[in-house]
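Dear colleague,

I am passing on the structure below, and would be grateful if you could look through it alongside the notes that come after it.

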Amino acid sequence: MAGPPLTADTAVVFALIGVAVTLFVTERLPTDTTAIAVVVSLVVLQPWTHISAEEAISGFSNAATVTIVAMYILSAGVEGTGVIGQLEAIIARYTAGSRERLLAATVGVTGPLAGVVNNTPVVALFIPMVTDLADRNHTSPSKLLIPLSYAAMLGGTLTLVGTATNLVASSVAANLGVAGAPFSMFQFTPLGVLVLIVGVVYLLTVGQWLLPARVAPHDLTEEFGLGGRLARVYVTQSSPLVGQTAADVQADHVKILQLLRGDQAFVASRTDREIEAGDVLTVRADEEAVKEFVMRERLRRLPRAEVTEAELSVGNGRGTLAEVVVTSGSSLLGQTVGETNFGERYDATVLAARRGEELRVEDVSEAGLNEGDGLLLYVTETGLSNLEATGDCRVTETVGADETEIEAEPIDREETALAVGIVAAVLAVAALDFLPIVIAALGGVVAMVATDLIRPSEAYDAVSWEVIFLLAGVIPLGLALEQTGGAAFLASHVTSVATVLPVLGTLALFYLLTGLLANLITPVASVALVMPIAVSTAQRIGADAFAFALAVTFAASTAFMTPMGYQTNLMVYSPGGYRFTDFVRVGAPLQLLLAVVTTFGIAFIWGV
């Protein structure tokens with residue numbers, strides 16, 4: 001039987017999707033602006049798209065959009081209690097500064113948790129924690145946030161309540177009379193475990209290689225404008241510095257900060273060790289001063305030696321990089337940096353000063369000190385403790401070997417129990433089908449505001465509005481694809497191919513079709529569109545309808561290839577600094593891999 005033809009209306013919608021995807025990929029416009037342009041275009045082209053003005057803006061009232069808004073607020077309320085800080089401290093102790101361990105902890109905790117708690121709030125709660133831990137580990141959060149989202153999506157396949165898509169798929173399958181539907185809580189858990197294991201292995205290996213570092217790791221040297229003003233030089237046999245101590249070296253506009261000898265590092269101002277041939281010196285100076293210093297002292301510049309906060313902070317009671325703020329009532333007020341004598345009093349070198357947005361990295365000794373001024377110090381840990389004890393400065397950030405030891409602040413147990421209880425109640429009400437999750441989540445927001453767990457102004461600030469506009473803009477595009485027959489056109493071609501493919505191949509094709517649509521028009525919409533066609537096709541070719549229903553369910557729950565494919569992707573899109581293409585590059589191989597794993601898994605566990 002021939003499928004629906006490619007009409008002019010369908011062609012216009014396909015063209016509009018092509019333009020939107022191109023703009024998302026190239027980022028010629030901000031993604032939220034592109035999404036709004038889609039809304040406008042759908043109405044302007046109404047004779048072909050069949051989308052009215054009311055339908056075009058329906059994305060702003062869509063259940064998925066409002067649910068994400070509510071989840072952002074609920075997560076902010078829980079985070080404000082400090083309970084996430086407690087979990088962060090535990091993970092920080094486990095990771096001990098290792099990026100590999102941090103990634104393993106992120107996916108290892110997120111995946112199983114998302115199986116018993118809806119994956120959207122899990123991601124909302126973990127984003128600030130993962131971002132902070134990335135900073136502490138000198139790791140780009142971009143290397144962790146897509147794995148966070150993907151792990152939550154994979155974990156959502158473990159149980160019926162792991163994701164709202166599972167609940168919708170269960171309901172649609174039951175309405176179609178599929179044997180084995182509606183699904184029970186743990187009916188597809190064996191396949192979910194397999195999918196989670198394969199996905200986690202991918203994220204820990206290939207995925208990390210494909211992921212970009214869009215957001216640079218937090219680095220105090222960059223924050224204080226010292227990029228290009230820190231260098232390392234090698235002491236040659238013929239250098240006149242050999243035999244001198246760092247304190248003996250006189251060089252205009254050059255400050256020796258650190259002496260490296262083998263695997264040992266020493267604070268230059270505190271060591272009386274004589275400089276030897278083969279030592280490496282870390283110096284603070286501009287490029288011209290470094291060139292002159294190298295030539296005069298017969299040194300060799302190490303051009304590829306990047307000096308960051310991690311290289312300067314050697315720990316073990318020696319040098320550390322620290323940011324301090326001058327307090328009110330400080331004895332340093334009104335003095336210049338040079339007059340404070342930081343070097344002798346606190347074993348500290350002031351590398352830069354900041355007042356508001358104004359940075360001072362040259363002639364720092366002449367900078368006057370006012371309340372609230374920030375100073376970047378290279379200081380011994382003992383000196384920093386002595387400085388903090390005076391009350392003249394407050395230490396706001398330190399970098400050192402024990403940096404990942406987070407001292408979690410005490411939490412108010414009653415407040416924490418109330419916040420966690422509200423979120424648990426939201427999930428329970430939704431899971432037991434007493435209320436739709438969007439209404440339950442909004443009720444949770446009301447409860448948090450009413451109990452003073454979060455103020456209304458904080459609630460508005462907690463929402464990433466760029467994400468909301470992006471999602472609200474692409475939802476009506478899916479509606480247009482459905483109303484013009486575009487989705488049916490795609491599905492019919494898969495059905496026609498089923499006559500020449502083996503059953504397993506047809507099952508894989510429906511997985512791929514569902515995944516493609518889920519990436520473009522949301523998972524719930526893809527389930528509603530493809531499930532009836534998949535079940536009908538299974539019945540026509542004598543295959544197991546339950547197997548086809550499961551393939552559609554799993555494909556819709558694992559839409560990795562676009563930021564709007566799944567709401568958790570959208571939630572990490574902005575904090576990870578990602579581009580549209582990042583999801584395609586990392587998600588497409590994973591989606592193809594899971595198409596194979598899920599298809600064979602279904603065949604092995606239930607048969608086709």
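The notes that follow take up a sheet and then a group of aromatic rings.

This is a predicted model, in which local features need pLDDT of at least 70 and side-chain atom pairs count only at pLDDT 80 or more, while totals for chains, interfaces and linings use all residues. Residues are numbered from 1 along each chain as its sequence is written, and side-chain values use heavy atoms, with hydrogens and water left out.

Five strands form an open antiparallel sheet in the order S8-S7-S9-S6-S10 (strands are DSSP runs of E with at least two residues, helices runs of H or I with at least four, numbered from the N terminus; two strands pair if DSSP finds at least two bridges between them). The edge strands, each pairing on one side only, are S8 (358-360) and S10 (393-399). Strand S7 (residues 348-355) pairs with S8 over three bridges, and Ala-353 stands opposite Arg-360 in S8.

Turning to the rings, Phe-188 and Phe-554 form an edge-to-face pair, at 5.6 Å centre to centre and with 80° between the planes (rings of Phe, Tyr and Trp, the last by its six-membered ring, pair if their centres lie within 6.5 Å; planes under 30 degrees apart count as stacked, over 60 as edge-to-face and the rest as tilted). Phe-188 lies in the loop between helix H10 (164-175) and helix H11 (189-204), whereas Phe-554 is in helix H26 (residues 545-556), 366 residues apart. Both Phe-188 and Phe-554 are buried (under 20% relative accessible area, with exposed over 50% and partly exposed in between, for a 1.4 Å probe and protein chains only). Phe-183, Phe-188, Phe-546, Phe-554 and Trp-606 form one aromatic cluster.
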